[in-house]
Amino acid sequence: MAGFDKVVNTYEEAMAGLEDGMTVIAGGFGICGIPENLINQIKKMGTKDLTIISNNCGIDGFGLGVLLEDRQIKKMVSSYVGENKLFEEQLLSGQLEVELTPQGTLAEKMRAAGAGIPAFYTATGYGTDIGEGKDVREFNGRKYILEESTQGDFSIVKAWKADRYGNAIYRNTAMNFNPMAATAGKICVMEVEEIVEPGELDPMYIHTPGIYVDRLIQGTFEKRIEKRTVREG
Amino acid sequence: MALSRDQMAIRVARELEDGYYVNLGIGIPTLVANHVPEGMDVMLQSENGLLGMGPFPTEDQIDPDLINAGKQLVTTAKGASIFSSAESFAMIRGGHVDLTVLGAFEVDVNGNIASWMIPGKLIKGMGGAMDLVAGADNIVVMMTHADKYGNSKLLPQCKLPLTGAGCITQVLTDLAYVEIKDGKFHLVERAPGVSVEEIVEKTAGEMVVPDHVPEIQF
């Protein structure tokens, strides 16, 4: 690795330094735009007691769901979970802790962390269980609750293309949480479908500037579909 | 007769205006998209990061990288844009979405809404519902007037954990179109053939009834 070149050649290198008890922020919505190979690498490493911050927890046998198989996750911070049986079992038996967070608040917690903002006020959740015990302030006649941002030891993200410097472009709604996740990890590991040379991507169309990316790896992706809704042609 | 799901969608679709950006919740609200009046342009927002959602793809259009907030495969409509989840909720929280339609378990006379969890049942999460009810100015709740046991879902006070406090002003049920203001329900329209008495009887919260309550026309 030299200068701005972020490319690593193996998934072992990509996830090196991940330890038991760490917090990992993962991009993806459902199983769309998830860093599937980085997740599989964590599975292979067997790292335990992880706190995972991600909108969802994958499905049985795919995405973050595979980390439940060997009980690698201690706590999930998500807006919507339970698309997998194993998740339900571990939650009900008390082996897994879940902190439910409104989706927009979750996105903002990541964005704020990456931008050096420790907390922010939002109307979301005021007057509900989510607002319990949180600082309330009134601005212009409306009540807001204070939400703290969430940094990760690692963030794992999936983009479509990136140059070797980590300047990245996402594809369609596979963007979702990835741009914020990329900014919120102390070490950001990005996997992409294609790595190109610096200068090949138009600087005007970069979604994630390379400054946020620490390690970059090219992989192949299964891109499983969760709900195959199709109409007659 | 109580309204069918499609009739409910037709009635809610009358709240649309040309040029509206609209977020439709999962379930019955998605049916509203089938009843956009002809010649009217509306753009559907999906909170995972898509403005300008098109119909489901045909077999040869399938793209695993293009889904909606219900995780269904979709397409993009002409003039669509795609962005991050933070950007998506910025437009929701910033009040830029013109109309939000969502389902609920309960609504009460103070505009509180409960739609995301039933204690004792497996809790899956609120997704974007709390952000939507807190961020949108113009929300229509679409739900049945009573639950499957016949209990009213229009209450003096929500019993289930809230999704949002004091944020609902309009409810369309299978029996009536109701507005919420000044701590009361106000009956605005009724389903064809459904009497005012029946609606009042099936509404647990206080309902103000004007002299004339027109039937919803189809």
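**Chain B and its contact with chain A**

Biologist: Which residues does B:N48 touch, not counting residues up to four places away in sequence?

Modeller: In this predicted model, B:N48 has contacts in both chains, once residues up to four places away in sequence are left out. Within chain B, the residues touched are B:I67, B:N68, B:A69, B:F83, B:S85 and B:S88. From chain A, B:N48 touches A:F29, A:T173 and A:N176.

Biologist: Is B:N48 buried or exposed?

Modeller: B:N48 is found in a loop of chain B, between β2 (42–46) and β3 (50–53). Because buried means under 20% relative accessible area, and the relative accessibility of B:N48 is 0%, this residue counts as buried.

Biologist: Which backbone oxygen does the side chain of B:N48 reach?

Modeller: The side chain of B:N48 joins that of B:S46 in a polar contact of 2.9 Å. The side chain of B:N48 also reaches a backbone oxygen at 2.9 Å, and that oxygen belongs to B:I67.

Biologist: Why is strand β1 of chain B largely enclosed by the rest of the structure?

Modeller: Strand β1 of chain B covers residues 20–24. It pairs with β2(B) in the parallel sense over four bridges, with B:V42 as the bridge partner of B:Y20, and three bridges join it, also in parallel, to β5(B), residues 99–102.

Biologist: What is the bridge partner of B:L24 in β5(B)?

Modeller: β1(B) and β5(B) run parallel and are joined by three bridges. In the bridge that involves B:L24, the partner in β5(B) is B:V101.

Biologist: What area is buried between chain B and chain A?

Modeller: In chain B, 45 residues are in contact with 51 residues of chain A. Among the residues of chain B, B:D65, B:K71 and B:K124 lose the most area to chain A, together 20% of what that side buries. Carbon and sulfur atoms give 61% of the area buried between the two chains, which is about 3900 Å².

Biologist: How many salt bridges are there between chain B and chain A?

Modeller: One of the salt bridges is formed by the side chains of B:K71 and A:E83, at 3.7 Å from N to O. The count between chain B and chain A is five.

Biologist: Which helix gives the largest share of the side of chain B that touches chain A?

Modeller: Both α2 (85–93) and α3 (129–135) of chain B supply at least two residues of that side. The largest share is four residues, and these come from α2(B).

Conventions:
Residues numbered from 1 in each chain as written. Chains lettered and ligands numbered in written order. Predicted model: local features only at pLDDT ≥ 70, side-chain atom pairs only at ≥ 80, totals over all residues. Heavy atoms only, no water. Buried < 20%, exposed > 50% of the residue type's maximum accessible area, 1.4 Å probe, protein only. Polar contact = N/O pair within 3.5 Å; in protein donor to acceptor, adjacent residues only side chain to side chain. Contact = heavy atoms within 4.5 Å. Pairing = 2+ DSSP bridges. Buried area = accessible area lost by both parts, 1.4 Å probe. Salt bridge = Lys/Arg side-chain N within 4 Å of Asp/Glu carboxyl O.
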